[in-house]
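Hi everyone, thanks for making time. Have a look at what's on the screen, and then I'll walk you through it.

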Amino acid sequence: MAARKICVVVVSGTRERLQMAAMAASVAAVSGIEVTIFLSMNAVPHFVKGATADAPSEGAFGDLLVKKKAPDFKTLFRQAVELGGAKILPCSMALDIAGIETDTLEPFVGEPTGLTAFLNAAADAQVWTF
Amino acid sequence: MAEKKIIDGRGSFCPGPLMELIGVLKMSQIGDELEVLSNDKGSAKDIPEWVRKVGHEHVSTTEEAGVWHITVRKTK
């Protein structure tokens, strides 16, 4: 069976969506699936070095994630890269708009990527959007 | 010689214990047994599923006083 490919598009900056994206991406990556994560819009500032995983909750469940000490989304995204070989690609447009320099991003985040390159990577993959 | 290692994932939630297991598996030798301790019901089901999917051996799962002991043998 050919290796499966999944592209995870993360545009939300809220805790529940970042958490679900990180859970899905990390477990897929360590299960032999080729995973590419494309970060854009409100998700990007959370991946600046030193930014905490303290994203705003959408509802009560987001607060419960903190209260119950669920693994934080940044740790899970890092593990997706380190344990599962996932790629995390920040959107070059989002970096430009937000004025974020590449060298200020967490070390597990890859090179800025434009939509053309991302669409090429996603052409034969399932795409999940959060 | 094969080793037995304990991974204490108590207090963590899915997929935390699984990720801790995978981190230790990568540094282990073929034949080593890893026992994950978890009080997360989801992990007690999900870890054996992952082990079968990637081809390691699920040795056993037992539950004692609300703590699951999931034992895995590294096979490759």
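So, how many residues of chain B are in contact with chain A? There are 13 of them, and they touch twelve residues of chain A; by contact I mean that the two C-beta atoms, placed from the backbone, lie within 7 Å. On the chain B side, the elements that give two or more residues are α1 and α2. The most come from α1(B), with six residues. Sorted by class, that side of chain B has seven nonpolar, four polar and two charged residues. For that sorting, Ala, Val, Leu, Ile, Met, Phe, Trp, Tyr, Cys and Pro are nonpolar, Asp, Glu, Lys and Arg are charged, and the others, Gly among them, are polar.

A bit of housekeeping before we go on. This is a predicted model, so local features need pLDDT of at least 70 and side-chain atom pairs count only at pLDDT 80 or more, while totals for chains, interfaces and linings use all residues. Residues are numbered from 1 along each chain as its sequence is written, and chains are lettered from A and ligands numbered from 1 in the order in which they are written. The model scores ipTM 0.83 and pTM 0.90. For chain B, the mean pLDDT, the predictor's confidence in each residue from 0 to 100, is 95, and 100% of the residues reach 70 or more.

Let's stay with chain B and look at helix α2(B), residues 41-54. Helices here are DSSP runs of H or I with at least four residues, strands are runs of E with at least two, and both are numbered from the N terminus. At 1.5 Å a residue, these 14 residues should span 20 Å, and the end C-alpha atoms are 21 Å apart, which agrees. The expected span is 1.5 Å times one less than the number of residues.

Which residues of α2(B) are buried? They are S43(B), A44(B), I47(B), W50(B) and V51(B). Looking down the axis of α2(B), the buried residues fall within an arc of 140°, so they line one face of the helix; the arc is that of the directions from the helix axis to the C-beta atoms. As a reminder, an α-helix has 3.6 residues a turn, so residues three or four places apart point the same way. Buried means 20 or more other C-beta atoms within 10 Å of a residue's own, exposed means 12 or fewer, and partly exposed is in between, with C-beta atoms placed from the backbone. The buried residues of α2(B) pack against α1, β2, β3 and β4 of chain B. On the face turned away from that buried side you find the exposed residues E49(B), R52(B) and K53(B). After the helix comes G55(B), with a positive phi near 95°.

Most residues other than glycine have a negative phi, and most peptide bonds are trans. C14(B) and P15(B), though, are joined by a cis peptide bond, with omega about 0°. P15(B) sits in the loop between β1 and α1 of chain B. Then there's A65(B), which is not a glycine but has a positive phi, near 50°. You'll find A65(B) in the loop between β3 and β4 of chain B, and with 5 C-beta neighbours inside 10 Å it counts as exposed.

Over to chain A. From the N terminus on, the elements run β-α-β-α-α-β-α-α-β, which is five helices and four strands. Of the 130 residues of chain A, 37% count as buried.

K69(A) also has a positive phi, near 60°, without being a glycine. It is in the loop between α2 and α3 of chain A, and K69(A) counts as exposed with 11 C-beta neighbours inside 10 Å.

Buried or exposed: what about P90(A)? With 24 C-beta neighbours inside 10 Å, P90(A) counts as buried. This proline lies in strand β3 of chain A, residues 87-90. Leaving aside neighbours within four places in sequence, P90(A) has contacts including L39(A), F47(A), L105(A) and P112(A). P90(A) and G110(A) are 20 residues apart in sequence, yet their C-alpha atoms are 7.0 Å apart.

That's my tour, so over to you.
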